[in-house]
Amino acid sequence: MKRKWMWTLVGVAALFFVIALVIFLKSNQPGPSDELQIIQKMTAETGEVNELIRVKLFFYADGWTMVPRWREIVVPQNREDIYKKFVDLLLSGDSDRLAPVPPDTKVRATYFLRPQETLVVDFSESLLASFPGGTAAELEFIYFFVDNICYNFNEVKKVKFLVGGNEVRTLAGHLDLEKSFFPDYSYLRDE
Amino acid sequence: MRVRLLFVCVLFLSAAILWPLTLDIRAFDHGTHTRIVLEGDRSFAFRISSSETKIEVKIPVVGDFRQGQIQLQNLPLVDRISHEVVSGESLLAIFFKAPIEIQRNFVMENPYRVVFDVARLATPAPENTAQTPSPPGSGPVQEQKNEPAPLKPIDTICLDPGHGGEDLGAVGKTKILEKNITLAISNRLKRLIESRLGLRVITTRDRDVEVSLNTRASIANNQQAQMFISIHVNSSFRRQARGSETYFVSLKATDPEALELARKENEAAPETEATATDDDLKLILWNLAQTEYIRESSRLAEYIQNELNELLDTRNRGVKQAPFRVLMRTAMPAVLIEVAFLSNESDQRRLRDDPFLDNAAQAIYNGVAKFIAYYNSLLQ
């Protein structure tokens, strides 16, 4: 009789395990790793105390993957300006890793649409003129920004691209830029 | 021991049966017909009965229906959709505003979908209906209507040479242009398909002219092509990137809400998207027509990529997914092929050689032929 109960318990536990597994598999989306941490640092020359955040930027290494580099950003007075600073930092590149961005590309503005959890990144018009073409180049460019932004800012779930303040259909005739892009963390690799 | 095993099995089985089946209902107006899709989170048994203005689907399990954002005002033929669960059986009823006929009814896998294409019933001439009685013993008219029409064998293929005109596409270091290479491969491929398979081949351009992405998709849709092959040459910021790859549409990379909405409503593209060339065409274009063909597109991509690997002897970059604008709006299996990289020196050299272009066309042809054989085998 005791054994019968034990088997019943095993059965029920197994059932719960299957249910938990199904729920886990359905909700298994990659996401940002850490909350941004604010650090206080004093500038030696002025004695001014700045709030800094440590961000993990990913740049292209060999092959398709991006590898991390740590940077710090001074937190601006207007918290919303942090996104533009972050994109500027991405545009400034890395000494020995690739930032897949045409030269002279500038970011005009960023807007965070809180209800849609979308960061709008508006690039200068020179982007279209200097974009080299090719599906690979478009994917490299788009996921360089989308993955980096969404990885570092938990509140941003997707990124929408504008050029010269306007929507564009594609960068070079391939990927649909009228849609917002969710991150694809398969491009990222921790070293 | 056996009894215990049986007990656990029964427990699992009953859990699987009792777990509600999630059923997502979608409907799109395609102009000539309305497509109704019932998608389950797993396969399910079903029974269909219909009358002139109603289709009923009975599913012998408890279903959790998700009607989402179907907007009936966008569906001229559909009056209302109702669903209920009665005594452990799920009932879906679709009511129509006018008499309809089921043109096609078929099942698709991964995810499991039951698809109905329904069209307004052509009104018979009054004298016929009035004077011709049903022959005795011919059976109920409805049974004939329910019989699914067979899928059509592939007879039309649309080739889409990327870029053209002022849109140069990628440009190689030696000023070799993507738009010229794609046209050269497309012309070769067209000849191969026509001469060896005897199929009708339409192209989105046959000369150096700029064609919008919307127009390319609408040409394929208007001509009722059953396969869409977009030919491109790649370029990358990374100079070492080389090789061929084949893409089909990805849904996960874009905004799921927008995708869902577009997928469900299948609304027509706004007029502002039309170009001067579009004006000449009656646009048959949907934002996400490709949604229903992803599995077939994936298989087509695999066949073509395997052949490219074999014949081109370039680096295999594999089958990939991305939200391509031109593919999303085609209502047929559709792929985009990147033959090689203009940004890579060795690939660029090869792209200048006619034998390489011949091989590229031959490889794509082989993949297409294999897909056609597979597709047609499903019809038997």
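Ile231(B) has Ile337(B), in β15(B), as its bridge partner. Strand β12 (residues 228-234) and strand β15 (residues 334-341), both of chain B, run parallel and are joined by 6 bridges. Please keep in mind that this is a predicted model.

## A hairpin in chain B

- Strand β6 (residues 78-86) and strand β7 (residues 89-96) of chain B run antiparallel, with 8 bridges between them.
- Within this pairing, Val78(B) stands opposite Phe96(B) in β7(B).
- The hairpin of β6(B) and β7(B) has 2 residues between the strands, and Ser87(B) takes a positive phi near 45 degrees there.

## The three-stranded sheet of chain A

- In chain A, 3 strands form an open sheet with mixed pairing, in the order β4-β5-β6.
- The edge strands are β4 (107-113) and β6 (158-163) of chain A, and each pairs on one side only.
- From one strand to the next, the twist averages 20 degrees.
- β4(A) and strand β5 (residues 118-123) of chain A are antiparallel and share 6 bridges.
- Val107(A) faces Phe123(A) in β5(A) across this pairing.
- Helix α2 (residues 82-91) of chain A packs on the sheet and touches β4 and β5 of chain A, with its direction at about 135 degrees to that of β4(A).
- Helix α4 (residues 135-152) of chain A packs on the sheet as well, touching β5 and β6 of chain A, and its direction makes about 135 degrees with that of β6(A).

## Each chain as a whole

- Chain A contains 4 helices and 6 strands, and from the N terminus on these elements run α-β-β-β-α-β-β-α-α-β.
- Of the 191 residues in chain A, 49% are buried.
- For contacts in chain A between residues at least 6 apart in sequence, 58% join residues at least 24 apart.
- Chain A exposes about 10,000 Å², with 56% of that supplied by carbon and sulfur atoms.
- Chain B contains 11 helices and 15 strands, and 52% of its 380 residues count as buried.
- In chain B, residues 24 or more positions apart make up 74% of the contacts with a separation of 6 or more.
- The accessible surface of chain B is about 17,500 Å², and carbon and sulfur atoms account for 52% of it.

## Cysteines

- Over all chains, a search of the whole structure finds 0 disulfides.
- Cys150(A) has a relative accessible area of 1%, which is under 20%, so Cys150(A) is buried.
- Cys158(B) counts as buried because its relative accessibility is 0%, under the 20% limit.

## Confidence in chain A

- The mean pLDDT of chain A is 84, and 83% of its residues reach 70 or more.
- Confidence in chain A is highest in β5(A), at 96, and lowest in strand β1 (residues 38-42) of chain A, at a mean of 62.
- Over residues 25-31 of chain A, pLDDT stays under 50, and the model has 3 contacts beyond four places in sequence for this stretch.
- Where pLDDT is low, predicted coordinates should not be read in detail.

Definitions and conventions: Residues are numbered from 1 along each chain as its sequence is written. Chains are lettered from A and ligands numbered from 1 in the order in which they are written. This is a predicted model: local features need pLDDT of at least 70, side-chain atom pairs count only at pLDDT 80 or more; totals for chains, interfaces and linings use all residues. Side-chain values use heavy atoms; hydrogens and water are left out. A disulfide is a pair of cysteine sulfur atoms within 2.5 Å. Buried means under 20% relative accessible area, exposed over 50%, partly exposed in between (1.4 Å probe, protein chains only). Two strands pair if DSSP finds at least two bridges between them. Axes are lines fitted to C-alpha atoms, for helices over the stretch in contact, and angles run from 0 to 180 degrees between N-to-C directions. Contact means heavy atoms within 4.5 Å. Accessible areas come from the Shrake-Rupley method with a 1.4 Å probe; for residues, only the protein chains shown count as cover. pLDDT is the predictor's confidence in each residue, from 0 to 100.
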